[in-house]
Amino acid sequence: MNRCFWCSADPLYVAYHDQEWGVPLHEPRALFELLLLEGFQAGLSWFTVLQKRARYRQVLHGFDPQRLAALDDAEIEALLQDPGIIRNRRKLQTARQNARAWLSLEDPVAWLWSFVGGRPRINHFRDRHEVPAVTAEAEAMSRALRKAGFSFVGPTICYAFMQASGMVMDHTLDCFRHAELARGAG
């Protein structure tokens, strides 16, 4: 079974590739979680973040934006002692900041999806060299998120978020998931 070039043989990565990546995501808390996790990845590998995702869900209250917006500095200091997460003060402070920004949006799901016209963009890339790291839509999303008060939302992070959440479907043509997702069989 052919998979995308970036997918290693690790069972965690295979499951993520086969079941999550590129599947259109509209559930608010899941989108918020993914946006934060993409920011946590900055400077690291996605696999590192995947390995820590379960612990993040525990210590970040299931990515509940209300609860994260209320994090105080003492809670952030305590999180910095947890070896099960990426211990980066700025990224943890950004989780609080981004939760507050998320809560200020009237309909964050519709707003985020508006950058792709409200429905998935299905790409037909044959080769990994064709898959972009940034697009005009990702640049626009990045600018809008920053204007709305978000951090760790550069254009590359936004495009990775768009790929992961199924806003764009970038499984390459040789990957078995391309055909399934292109016909809407999430």
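Guide: We can begin with the second largest pocket, where H2 gives the largest share of the lining, four residues. This is a predicted model, in which local features need pLDDT of at least 70 and side-chain atom pairs 80 or more, while totals for chains, interfaces and linings use all residues. Residues are numbered from 1 along each chain as its sequence is written, and side-chain values use heavy atoms, without hydrogens or water.

Visitor: What makes a space a pocket, and a residue part of its lining?
Guide: On a 1 Å grid over the protein atoms alone, a pocket is an open set of points with protein on both sides within 12 Å along at least five of seven lines, whereas in a cavity a 1.4 Å probe fits but cannot get out; a lining residue has an atom within 4 Å of a point. For the second largest pocket 13 residues meet that, and Glu20, Leu25, Ala30, Leu34 and Arg53 are the closest to its centre.

Visitor: Which classes make up the lining of the second largest pocket?
Guide: Eight residues are nonpolar, one is polar and four are charged. Asp, Glu, Lys and Arg count as charged, so Glu20 and Arg53 belong there.

Visitor: How much space lies in the largest pocket?
Guide: About 460 Å³, with H9 giving the most to its lining, five residues.

Note on methods. Grid points are joined across faces, edges and corners, and a volume is the space filled by probe spheres set on the points. Helices (H or I, at least four residues) and strands (E, at least two) are DSSP runs, numbered from the N terminus.
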